Amino acid sequence: VVLGNHASQLETRFAFGGEMFQLNAYAKELTAEEIRRMADDGMCSLKEDENEDVRVLKWEDMLKKSRTGTVTDIYPSHGIECVKIKTLITRLGATERKLNEAEEQLLATQQSLERTLEENEEIEQTLNQ
């Protein structure tokens, strides 16, 4: 991917001189509504891209490629915050699953205890007769 000057050009009037974050290319023209929804979701959105099936150039794939020229990797604070937020949400999901499993185990143990108490009461009544 070449942004700004083509590799053979010597001119700098078209050189890209900014920052990019979550750049993707799609095999179709996105509608204004699709773009608005993406913007409304924000840069740290965890929503799955509704156009994933036509996303042909993916940000996460570009980050793995080698770069030439005057490219400098920077980690803007919002990018780091997105990673932190996504990591925390992933950990929160794992914790929630563990809590749900523990709740199920607790319920099963409670039911087993109640059955044991009922059985003990029946045995006690039999012994008292």
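Two residues are in contact when they have heavy atoms within 4.5 Å of each other. By that rule V54 touches A25, Y26, A27 and K28, with residues up to four places away in sequence not counted.

The model is predicted, so local features need pLDDT of at least 70, side-chain atom pairs count only at pLDDT 80 or more, and totals for chains, interfaces and linings use all residues. Residues are numbered from 1 along each chain as its sequence is written, and side-chain values use heavy atoms, with hydrogens and water left out.

**Overall layout**

The chain has three helices and two strands, in the order β-α-β-α-α along the sequence. Helices (H or I, at least four residues) and strands (E, at least two) are DSSP runs, numbered from the N terminus. Of contacts between residues at least 6 apart in sequence, 58% join residues at least 24 apart. The chain exposes about 11,300 Å², of which carbon and sulfur atoms supply 54%. Accessible areas come from the Shrake-Rupley method with a 1.4 Å probe, and for residues only the protein chains shown count as cover.

**The loop between α1 and β2**

V54 is in the loop between α1 and β2. V54 and A27 are 27 residues apart in sequence, yet their C-alpha atoms are 5.1 Å apart in space. N51 lies in the loop between α1 (32–41) and β2 (55–57). N51 touches Y26, K28, L30, E34 and M38, again leaving out residues up to four places away in sequence.

**Burial**

Buried means under 20% relative accessible area, exposed over 50%, and partly exposed in between (1.4 Å probe, protein chains only). Buried residues make up 10% of the 129 residues in the chain.

| Residue | Relative accessible area | Class |
|---|---|---|
| N51 | 4% | buried |
| I85 | 36% | partly exposed |
| E122 | 52% | exposed |

**Surface patches**

Patches are made of residues with over 30% relative accessible area and no salt bridge; like charges are joined within 9 Å, and nonpolar side chains (Val, Leu, Ile, Met, Phe, Trp, Tyr) within 5 Å. A salt bridge is a side-chain nitrogen of Lys or Arg within 4 Å of a carboxyl oxygen of Asp or Glu.

L46, I85 and I89 make a nonpolar surface patch of about 240 Å². I85 is placed in helix α3 (residues 77–128).

E122 is also found in helix α3. A surface patch of negative charge gathers E114, E118, E119, E121, E122 and E124. Lys and Arg count as positive and Asp and Glu as negative, while His and the chain ends are not counted. The place of a charge is taken as NZ of Lys, CZ of Arg, CG of Asp or CD of Glu.
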